[in-house]
Amino acid sequence: MGLSEILIILLIAVLAIVIPTVVLSVTRLVMRGIRLRQEQMIEEHRRVPCPFCKERIHPDALVCPYCKRDLPQIIDGA
Ligand SMILES: [Zn+2]
């Protein structure tokens with residue numbers, strides 16, 4: 001077995017480790033991005049309009065982050 005054959009086998013071995021690692025990392029990043037996006041959408045969907053400025057705010061907010069007005073606690077039974 002020549003040196004070039006050993007190098008080719010080594011290269012294949014390195015690639016066999018590197019490629020799945022990279023693919024896995026990218027997949028994980030993409031999945032995390034999708035999950036974060038879904039969480040943002042769910043969070044956005046849960047928001048209620050501020051009674052004063054109509055910006056969508058967290059349902060439990062005590063002060064509107066947009067118009068800075070104190071908010072009455074909306075009891076919606078949820
Ligand atoms: Zn407001």
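Touching, or being in contact, means that the C-beta atoms of two residues, placed from the backbone, lie within 7 Å. Before going on, please note that this is a predicted model, in which local features need pLDDT of at least 70, side-chain atom pairs count only at pLDDT 80 or more, and totals for chains, interfaces and linings use all residues. Residues are numbered from 1 along each chain as its sequence is written.

Stay with C53 for a moment. Is C53 buried or exposed? C53 counts as exposed because it has 12 C-beta neighbours inside 10 Å. (A residue is buried if 20 or more other C-beta atoms lie within 10 Å of its own, exposed if 12 or fewer, and partly exposed in between, with C-beta atoms placed from the backbone.) C53 sits in the loop between β1 and β2 (56-57). Helices (H or I, at least four residues) and strands (E, at least two) are DSSP runs, numbered from the N terminus.

Now select I12 together with C53. These two are 41 residues apart along the chain, and 62 Å separate their C-alpha atoms.

Your next stop is R47, in the loop between α1 (3-46) and β1 (48-49). R47 is partly exposed, since 13 other C-beta atoms lie within 10 Å. Show R56, I57, H58 and P59 as well: R47 touches them, again not counting residues up to four places away in sequence. Then pick P20, which is 27 residues from R47 in sequence and 40 Å from it in space, C-alpha to C-alpha.

Zoom out to the whole protein. Along the sequence you can follow the pattern α-β-β, made up of 1 helix and 2 strands. The protein is more spread out than a compact globule, because its radius of gyration is 26 Å, well over the 12 Å that the globule rule gives for 78 residues. That radius is taken over C-alpha atoms, and the globule rule is 2.2 Å times the number of residues to the power 0.38. Of the 78 residues, 0% count as buried.

Finally, colour domain 1 (3-46) and domain 2 (49-78), whose bounds come from an automatic or database domain assignment. Their centres, taken over C-alpha atoms, are 41 Å apart.
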